[in-house]
Amino acid sequence: DRYMASKRSLIIISLVVVVIIAAIVGYYLSLPSPTQETIKIGFFAPLTGPASADGLAALNGALLAVEKINSQGGILNKKVELVYYDDQLKPDQAVAIANKLIQQDKVVAVVSGSYSSTTLAASSIYEENKIPLVVAYAVHPGITANKTYVFRVGMLGETEGKAAGWAAVNVFKAKKVAILYDNIPFGISLAENAKAIIEKSNATVVYYEKFDDPTRDFTPWLTAIANIKDLDVLIIFGYYYHAQVVKQARQLGITAQILGAEGFDSPKFIELAGSDAEGVVIVTDFNRDNPSSDVKNFISAYKNKANIDADMVAASSYDAVMVLAKAIQNAGSTNSNKIIQALSTLENYDGIAGKILRFTQGHNAVKIMTLQVVRNGKFSFYAEISEPSIITPSR
């Protein structure tokens with residue numbers, strides 16, 4: 001009897017142990033696996049309002065990058081989730097989004113697909129909270145100045161302006177140059193640096209004027225420019241929605257070479273300027289004729305996704321997400337300081353929007369730039385700009 005009782009007790013104990021083990025296993029199986037978690041990356045851009053074409057291009061570029069990353073297994077064996085918001089091109093909205101991304105969404109890092117005014121306003125929030133911010137294409141120097149956690153993969157306004165001035169003198173052999181620019185940080189920075197480079201050469205800036213951003217009738221400025229004898233190059237620093245300036249210039253008989261910059265780097269510019277866009281050359285870092293298979297695949301995938309040709313904004317936003325992902329992977333962690341260290345040591349990265357040779361101590365990319373010309377209604381390669389004194393930011 002005692003033997004049977006002991007055996008019965010052993011069976012009961014064994015069953016209890018099995019039940020407990022099953023309960024424990026069931027509990028842990030119900031918990032989300034680490035591989036099921038996502039790495040959240042924040043994103044903001046002007047998805048509505050006057051700059052919505054750029055904002056949507058930026059978002060589509062970023063989403064393509066996330067799709068590419070996740071198709072290759074994600075980062076650190078985790079899928080990437082892009083948490084994005086519309087800043088409406090309003091600095092206060094960009095600040096509110098920054099606080100939401102950090103406090104509510106708990107992102108590990110952020111990409112700016114927005115302009116300088118909004119990115120500059122928000123950059124301090126990310127810096128204060130030690131959240132890495134990678135800027136796609138905003139040019140203002142203050143965005144990265146004296147900041148540990150902010151990097152820029154696009155062109156700094158200084159280098160872009162210098163490239164335009166250099167091209168006017170060295171590519172187009174200009175002796176007389178006129179400069180007309182949008183009176184906002186973007187236009188001011190480019191114009192000042194273009195003028196400085198031109199004045200260091202044998203050329204002369206014979207006209208230098210600004211216009212306010214809402215302007216659509218450029219007749220007063222262009223009439224004065226049309227009266228300049230033997231003008232070689234007209235540099236215009238504006239955005240794609242200022243395309244009327246090109247139409248009006250041609251209507252007034254201005255035959256000088258028109259040279260723009262990244263603000264014109266949009267299929268919308270060609271659409272709005274029409275046939276008058278033919279022959280216009282822009283400074284950009286996105287070479288559509290790059291033979292790289294990555295670039296060709298991006299252009300094709302973007303057209304399929306957005307039903308419009310890819311532009312610099314889309315390519316730069318794609319690069320910003322990919323560079324950030326590479327930094328997280330190289331760091332082996334989502335720790336902010338480790339991500340920053342990985343970004344700081346990144347070299348010779350073949351981006352869609354130009355090769356990033358390295359980042360300066362001020363966290364600005366040193367990268368190859370190109371001139372693109374509008375030919376048969378599309379941007380095509382015209383020349384490369386790799387002069388170290390031009391492409392290297394001094395800040």
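A: Contact here means heavy atoms within 4.5 Å, and helices (H or I, at least four residues) and strands (E, at least two) are DSSP runs numbered from the N terminus. The model is a predicted one, in which local features need pLDDT of at least 70 and side-chain atom pairs count only at pLDDT 80 or more, while totals for chains, interfaces and linings use all residues. Residues are numbered from 1 along each chain as its sequence is written, and side-chain values use heavy atoms, with hydrogens and water left out.

With that in mind, Pro91, Ala94, Val95, Ile97, Ala98, Asn99, Leu101 and Ile102 of α3 touch Ser117, Thr118, Ala121, Ala122, Ile125 and Tyr126 of α4. Sorted by type, the residues of this contact are eleven nonpolar, three polar and no charged, where Ala, Val, Leu, Ile, Met, Phe, Trp, Tyr, Cys and Pro count as nonpolar, Asp, Glu, Lys and Arg as charged, and the others, Gly among them, as polar. The axes of α3 (residues 91-103) and α4 (residues 116-128) come within 8 Å and cross at roughly 35°; axes are lines fitted to C-alpha atoms over the stretch in contact, and angles run from 0 to 180 degrees between N-to-C directions. The crossing of α3 with α4 is right-handed, a term used if the near helix is turned clockwise from the far one by less than a right angle.

Now to the charged pairs. A salt bridge is a side-chain nitrogen of Lys or Arg within 4 Å of a carboxyl oxygen of Asp or Glu, and by this rule the model has ten salt bridges. One of them joins Glu37 and Lys78, at 3.5 Å from N to O. Because Glu37 lies in the loop between α1 (2-30) and β1 (38-45), and Lys78 in the loop between α2 (52-71) and β2 (79-86), this pair ties together parts that are 41 residues apart in sequence.

Another salt bridge, at 3.0 Å from N to O, links Lys305 with Glu67. Lys305 belongs to helix α10 (residues 293-306) and Glu67 to helix α2, so the pair connects parts that are 238 residues apart in sequence.

In a further salt bridge, the closest N and O atoms of Arg288 and Asp265 are 2.4 Å apart. Both Arg288 and Asp265 are buried, that is, under 20% relative accessible area, with exposed meaning over 50% and partly exposed in between (1.4 Å probe, protein chains only). By contrast, Lys305 is partly exposed at 34%, and Glu67 is partly exposed at 42%. Finally, Lys303, Asp309 and Lys378 are joined in a network of salt bridges.
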